[in-house]
Amino acid sequence: MSKKFKVLLTNPIHPECNQALMEECDVVVAPDIKSETLKSLISDCDGLIVRCQLPQDIFDGAKQLKAVVRHGVGLDFIPVDAATKKRIPVANLPGSNTNAVVEYCLAAIFYFRRHLDLINSQLRIQGWAKARPQADPSTEIATTTLGIIGFGAIGSKLANAAAGLQMKTIALTPRPEVLPSGVRSATKAELFSQSDVIVVCCPLNEKTRGLVDQVSISMMKSNAILINIARGPVVDTLAIIKALKAGGIAGAAMDVHDQQPLTGEEAVFDCPNLLLTPHIASITSSSMRGMSEGSVKTILAILKGNQPDNIVNPEVFL
């Protein structure tokens, strides 16, 4: 009997998909995501499924690694150039979590606009008479302007959803020619000054790092909200905190953070009108299954010598 391939999971995947992978491979789940742990475990593995930030030198000690698959979309977790230099194929799963992220954005918008959490709490604790007036300052989103930073799969689907809710959409993108009818291209200054809701969904790279800075935030309307589902370093967190404390903007939702996981000691925990979530915009039961299924299918294909369409560095096969 031929020896099974060995696959390392940085984090658990969907149980049924894990079982399917175990039927064909020896599977190791990292006990933690510390750099030293991952680097020690990768040495004799053939495949790697990634759900966390990898150390930049992770592949230095990978003696027989043949495939790396991102359990999701964002590639900033993986040092792709380093993998390419070692001729290790890297794949991701485009579109695998788009629905989940778009729904998170909509949920965050309604969280700030309708104040249902506050009203529910007031009704239970202080009664009908105290709770009912809390609805008076709530606002409808129809006819308001949504500004999208980064117009990929998520931005496009979010714009479609916004149109159905009668929102106007403007977008900041390096490729304005791809924008559909009904979505207007905007400069950075126009987007920040005109939008009632801003959603940051661009990839993290050297051009976008710090893109949402203090100057940009100062242009926002006082009743506007900002939602970051991109990566923490795209947004100047301290500038957001300053604006929220000063009442310069109405609210912000952060699903991604400068350093993850949060410890509870960060300044964001002492900030008003800030919705904090632990990088879960892409996670639902259905998206987790889909990402896990895609990861297993892709890594098995590569290990068996095939070249799936979702390889991001196909030059390694030349």
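The structure is a predicted model, in which local features need pLDDT of at least 70 and side-chain atom pairs count only at pLDDT 80 or more, while totals for chains, interfaces and linings use all residues. Residues are numbered from 1 along each chain as its sequence is written, and side-chain values use heavy atoms, with hydrogens and water left out.

Seven strands make up an open sheet, in the order 8-7-6-9-10-11-12, and the pairing is parallel. Strands here are DSSP runs of E with at least two residues, helices are runs of H or I with at least four, and both are numbered from the N terminus. Two strands pair if DSSP finds at least two bridges between them. At the edges sit strand 8 (183-185) and strand 12 (274-276), each of which pairs on one side only. From one strand to the next, the twist averages 20 degrees. In general, strands of a sheet pair through backbone hydrogen bonds, either parallel or antiparallel.

Moving through the sheet, strand 6 and strand 9 run parallel and are joined by four bridges, with Val-199 in strand 9 as the bridge partner of Ile-148. Strand 9 and strand 10 also run parallel, again with four bridges, and here Ile-198 stands opposite Leu-226 in strand 10. Leu-226 in turn has Ala-252 in strand 11 as a bridge partner; strand 10 and strand 11 pair in the parallel sense over four bridges. Strand 11 (residues 251-254) is joined to strand 12 by three bridges, and these two run parallel. One of the pairs there links Met-254 with Leu-276 in strand 12.

What covers the two sides of these strands? In strand 9 both faces are covered, with Val-197 and Val-199 on one side, Ile-198 and Val-200 on the other, and all of them buried. Buried means under 20% relative accessible area, exposed means over 50%, and partly exposed is in between (1.4 Å probe, protein chains only). Strand 11 has Gly-251 and Ala-253 pointing one way and Ala-252 and Met-254 the other, and all are buried.

Several helices lie against this sheet. Helix 7 (residues 153-164) lies across strand 6 (145-149), strand 7 (168-172), strand 8 and strand 9 (197-200), running at about 175 degrees to strand 6. Helix 10 (residues 237-246) lies across strand 10 (225-228), strand 11 and strand 12, at about 150 degrees to strand 11. For these angles, axes are lines fitted to C-alpha atoms, for helices over the stretch in contact, and the angles run from 0 to 180 degrees between N-to-C directions.

Helix 4 (residues 98-114) has 17 residues and reaches 24 Å from its first C-alpha to its last, close to the 24 Å expected at 1.5 Å a residue; the expected span is 1.5 Å times one less than the number of residues. Its buried residues include Thr-98, Val-101, Tyr-104, Ile-109 and Phe-112. The buried residues of helix 4 pack against helix 7, strand 9, strand 10, strand 11, strand 12 and helix 11 (285-303). Just after helix 4, His-115 takes a positive phi of about 55 degrees.

How do helix 4 and helix 7 meet? Their axes come within 9 Å and cross at roughly 50 degrees. The two helices are therefore oblique to each other, where under 35 degrees counts as roughly parallel, over 145 as roughly antiparallel, 65 to 115 as roughly perpendicular and the rest as oblique. Residues of helix 4 that meet helix 7 include Asn-99, Val-102 and Leu-106, and those on the helix 7 side include Ile-154, Lys-157 and Ala-161.

Cys-105 lies in helix 4 and is buried, with a relative accessible area of 0%. Leaving aside neighbours within four places in sequence, Cys-105 is in contact (heavy atoms within 4.5 Å) with Leu-158, Val-199, Ile-227 and Ile-229. The C-alpha atoms of Cys-105 and Val-199 are separated by 7.6 Å, although the two are 94 residues apart along the chain.

Arg-87, between helix 3 (80-85) and strand 5 (90-91), has phi near 60 degrees, a positive value in a residue other than glycine, and is partly exposed at 47% relative accessible area. Gln-166, in the loop between helix 7 and strand 7, has a positive phi of about 65 degrees without being a glycine, and at 56% relative accessibility Gln-166 counts as exposed. Finally, the peptide bond from Gln-260 to Pro-261 is cis, with omega near 0 degrees, and Pro-261 is found in the loop between strand 11 and strand 12.
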